[in-house]
Amino acid sequence: MSLVGAKVLRKEDPRLLSGTGTFVDDLSPPRCAFAAFVTSTEAHAEIVSIDARAALKIPGVLGVWTAADFADHPDLPGGLPDLERPALARNIVRFAGEPVAVVVADDRYLAADAVAAVDVQYRDLPVVTTIEAATADDAPVLFANHGSNVVTVVPTMDDLERQISRCDDRASLHLVNQRCAAVPIEAVACLADWGADGLTLWATFQAPHHLRNYLATWLDIPQTQCRVVAPDVGGGFGSKIVWYPEFFLAPLLSKWTRRPVKFAQTRTEAMMQMAHGRDQVHDLDIGFDRDGTIRALRVVISQNLGAYPDPTGVGLAVLTSWMAAGCYRIPDVSTSFRTVVTNTTPVAAYRGAGRPEAAYSIERMIDLVARRTGLDPAEVRRRNFIKPGAFPYETHNEPVVYDSGDFPAALDECLRLVRYDERRAEQAARADDPDAPLLGIGLSSWLEIAGFGPNGSLEGFGHLASWESAQVRIQPDGSAIVFAGSSPHGQGHETTFAQIASDELGIPFDRIQLRFGDTATVLQGVGTMGSRGVPTAGSAVKVASSRVLEKAKKVAAHLLEAAEADLEVRDNAFNVRGSPGKKVGWGEVAWASFQPLSLPPELQAGSLEERLFQESPNFSYPSGAYACVVEIDRATGAIDIVDMVLVDDCGTVINPLLAEGQVHGGVAQGIAQALFEAVVYEPDSGQPITANLLDYLVPSAPDMPGYTAGRITTLCPNNPLGAKGIGESGAVGAPAAVVNAIVDALAPFGVEHVDMPVTPEKVWRLLHDATAPERSHR
């Protein structure tokens, strides 16, 4: 029986659920000291003075360091010219929470006391927290040498005004995709131990080799003396592929104090220092005919980068522009974007990274076209879908060629599961009952770009390359070790990669072990991001395993005196077809593979091992159709999601349990953005209003609806597994479905749009400010 496609329980769960996992803050080597940052209380200010004398008098405090102590080291990697981020603020602070000094003490409590004793004097500077404020004519400039708060501008070659004007009708939206915090269950932490044999850094990071490569360069030491370990990591969502100061300072502090040094963020520190996500503003114009056919689309994107341009943050608007047309056949598409710095926490990748923003905008516009034409939103989608026979489909952006999909089939399955016609009839029946809750049905036919593996796709974000590595090694007893360059932070690699290897090798699942996250063990790797785990790393495991199997067949054939073509792997053994009982077990083959006298002449001892760097000719393009049904209390504006239907197309599914879990988690984050979450700053001072989980509203399990899941399958032609990836899908498709449902419920009151998060207060105000309800637009 094939394990690929089977619901196998996760190998990782026993240790993770029993509290026996190993996270960075679980590590406590002898004489370990603790470091903590003195952070800026101001969003934009000159540093007048830093007085550490009181802190240094506290027993157990080992030292206090400022930017001047690190003058011999460069700024953090990946910065743009004149916009680099220092490891500690130098002369000027640019966001509240920016580290200005670092304390090391015998334990975390002494370190916290010492931080409070450091006196920093500031001279305030004007603050800008929004794109609008930062691009005003009289806006204060964050970086004098750059001369402007606008970092990059990519204009359009044609604004399509002529094409839009020729259409029967047009519609516009100014849409805000608000700033969100990633809030992984584990905040940023690291432990540095610089000893006689070199440096070991344990870090909460999604790409340990990536960190090793840059850290060794920054420290000016050979990579052979720089080991990075990402042990169990409690979530990442993109916020853990960012160059945080502690990763670079902790090694030097360990070297200088001659002790291991640990950093571990508190939740408030994480809310202020860990990279945020989203924070785009879109100005959208669409031209369409009376029958709902869309002729032209113009998308103008503005991206808030926060105080310092992060390499991934700068690329978010690029990905949004690539996916601006979604799964629709639109003859003319124009995209342009600009990126802007502000006095806020830096922005980087957050689950979906630019693609949720694109999906949200095009899906809101599709519903707006339906509203203006009086057509059903499902029908407008059908009339504009890219047809199943049109793949590969070249889009408005040259690098983006959609590989496969069946968007009408996904929508049809979604409509069936949500009982669409029945829901519409119920909505109509409620229209004349002022005591009934408002009912809204929202759709989202979404598409994203994933499987980051084509050459050049990650190099632009600062990575060494875009391949992913796998190494498969057979042990003398016939068990197998898989080394993967992609390290997990919740994805379930230990399970899925073992399933893939087991299917290829014929070795039982329980006899396969995955090793990851250690640059001293896994020779090279790129990392885990962009839904590339299964499409790229999983494909590497598949191909490497199949190559090992071919060599193992040579050994088995030699032992059995049979032809390789006559062998089949079954029941952990190599069996000769047509000769019952003539077989040799995997253990015997593995043992023989280390004995030169037992091998065929073309093989050497230890040859049952394969290392592979898997490349991909193209991205993958997961897609799907989601439906959300909401009820709204007319008196309070309270929103209740009564049904959520999720139909995904992720190509080959390795483990349905894990795939469903990934979708559920992504949808939870999508619902959270639609209804609850927003990072908010006081506009004049730049102080974060949502700096803890009392003020930043993260939903809990009772706030989430039940899900009805469906699936269609179109295989990805660009990797051996046919997999497209699913880790970010829920976060891409859910926000639009939820907001479309809310706007649909409010349509009789003349509401055409409401920005996220759609809170009960916003809805209550819209209801009470509205005129008498209009008749339904359908």
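Guide: T344 is buried, with a relative accessible area of 0%; buried here means under 20% relative accessible area, with a 1.4 Å probe and protein chains only. This is a predicted model, where local features need pLDDT of at least 70 and side-chain atom pairs count only at pLDDT 80 or more, while totals for chains, interfaces and linings use all residues. Residues are numbered from 1 along each chain as its sequence is written, and side-chain values use heavy atoms, leaving out hydrogens and water.

So where is T344 in the chain? T344 lies in the loop between β15 (332–340) and α10 (355–373), with helices (H or I, at least four residues) and strands (E, at least two) taken as DSSP runs numbered from the N terminus. Leaving aside neighbours within four places in sequence, T344 is in contact (heavy atoms within 4.5 Å) with R94, F95, T129, R179, N304, G306, A307 and Y681. Take Y681: 337 residues away along the chain, yet its C-alpha is 7.9 Å from that of T344.

Now the domains, whose bounds come from an automatic or database domain assignment. Domain 2 covers 366–450 + 619–777, and domain 3 covers 467–614. Their centres, taken over C-alpha atoms, are 41 Å apart. Across the boundary, 16 residues of domain 2 are in contact with 16 residues of domain 3.

Technical notes: Buried < 20%, exposed > 50% of the residue type's maximum accessible area, 1.4 Å probe, protein only.
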